[in-house]
Amino acid sequence: MSTTLRQLKAFVLVAEQNSFTKAAESLCLTQSALSGLIKELEQNLDVKLFDRTTRKLHLSDAGGRLLPQARRVLNEMAVLNEQVASLKSLQQGHVHLAVSQQLSASTMPKFIAKFCELHPNIEVTLTDCSVDDVVRHIENLEADLGIAPERSYSDDLHADTLFSSPFYLVLPTSHPFAQKDELSWTDLLNERLITLNGPFIKALQTELPSDISSHIFNSDFEVNFLSTALGMTRMGLGVTLCLLYAAEWVEQNGLTMRPITDPVVERKFLLYTHKNRSLSPASLAFKEFLIANAHEFLVSQPSTI
């Protein structure tokens, strides 16, 4: 039979109160039940913990030597229980996020700030990276939650759709298209286009009519980052494409954006988790927070839209 915390607690309490009667009352036990716990502990340890006479009870030499250790074990368990309770009540914890670069540079800081305001004792770490690296970080258990556009992923991952957004055309406020409420893809045929490298734009090739897609994939400029595309658009070098979550970023560059229809082409953004990784209370709270507030990725529309 192994030593139990109940036995250790009984031992410490009897030693501190120097009385089986008082210790039994404190533990809401009968004296015989308490004596049974002490006897079991002595048998488990194969030592005598108390010397008893008809009038007096005192610790044996072995009991006196083991008492500090027993107290230490009980104190460590008390600390462990406090930490577990603190984690469950979100009074401490850590969340590691892997987020695609464009989201990290635009709307993600707003979500982190709002979550930290609600849970100031939870630490949030953000890794901004490419979309493929987001998936890799989750697959390798290097991050708790991943947020990025839809990508193929292994069977080890689970993905929840956070939001979807149609494509918008970004252009200077002086551009003639700025007077329109919406645009069609054919409107882009005579425009100098600045597009982004990678699957984000490349997937349009199969979703648009051939004449339009051939123009987009023979764009005038092809860059790696939306920040570069916005800077070039601001300087009048052409127009570019983005999704609605980047609206504040567009406005900060003094630009405007118009939805592109006929057809409406959307991109899904997913929240990736690993099926074999149990989320901590803090990570689970952040996941639930994101899902509950995902609509806010698309509500920060600039006044120039």
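Visitor: Why does Leu 284 count as partly exposed?

Guide: Its relative accessibility is 37%. Buried means under 20% relative accessible area, exposed over 50%, and partly exposed in between (1.4 Å probe, protein chains only). Leu 284 therefore counts as partly exposed.

Visitor: What kind of model is this, and how are its residues numbered?

Guide: This is a predicted model, where local features need pLDDT of at least 70, side-chain atom pairs count only at pLDDT 80 or more, and totals for chains, interfaces and linings use all residues. Residues are numbered from 1 along each chain as its sequence is written, and side-chain values use heavy atoms, with hydrogens and water left out.

Visitor: Where does Leu 284 sit?

Guide: In helix α12, residues 281-292. Helices (H or I, at least four residues) and strands (E, at least two) are DSSP runs, numbered from the N terminus. Leu 284 lies 9.2 Å from Leu 145, C-alpha to C-alpha, though 139 residues separate them in sequence.

Visitor: Why are α6 and α12 called oblique to each other?

Guide: Helix α6 (residues 108-118) packs on α12 at about 125°, with axes 11 Å apart. Angles under 35 degrees count as roughly parallel, over 145 as roughly antiparallel, 65 to 115 as roughly perpendicular and the rest as oblique. So α6 and α12 are oblique.

Visitor: Which residues of α6 and α12 meet?

Guide: From α6, Met 108, Phe 111, Ile 112, Lys 114, Phe 115 and Leu 118. From α12, Ala 282, Ala 285, Phe 286, Phe 289 and Leu 290. Contact means heavy atoms within 4.5 Å. By class, the contact of α6 with α12 has ten nonpolar, no polar and one charged residues.

Visitor: What makes α1 and α3 roughly perpendicular?

Guide: Helix α1 (residues 5-17) and helix α3 (residues 31-45) pack at about 110°, with axes 9 Å apart. The pair is therefore roughly perpendicular. Residues in the contact include Phe 11 and Val 14 of α1 and Leu 37 and Leu 41 of α3.

Visitor: Which residues of helix α10 are buried?

Guide: In α10 (residues 226-234), they are Leu 226, Ala 229, Leu 230, Gly 231, Met 232 and Thr 233. Gly 236 follows α10, with a positive phi near 80°. In the protein chain, buried residues make up 46% of the 305 residues.

Visitor: How does the radius of gyration of the protein chain stand against that of a compact globule?

Guide: The protein chain has 32 Å, while a compact globule of 305 residues would have near 19 Å. The radius is taken over C-alpha atoms, and the globule rule is 2.2 Å times the number of residues to the power 0.38. Along the principal axes, the C-alpha atoms fill a box of roughly 105 × 35 × 25 Å.

Terms used
Axes are lines fitted to C-alpha atoms, for helices over the stretch in contact, and angles run from 0 to 180 degrees between N-to-C directions. Ala, Val, Leu, Ile, Met, Phe, Trp, Tyr, Cys and Pro count as nonpolar, Asp, Glu, Lys and Arg as charged, and the others, Gly among them, as polar.
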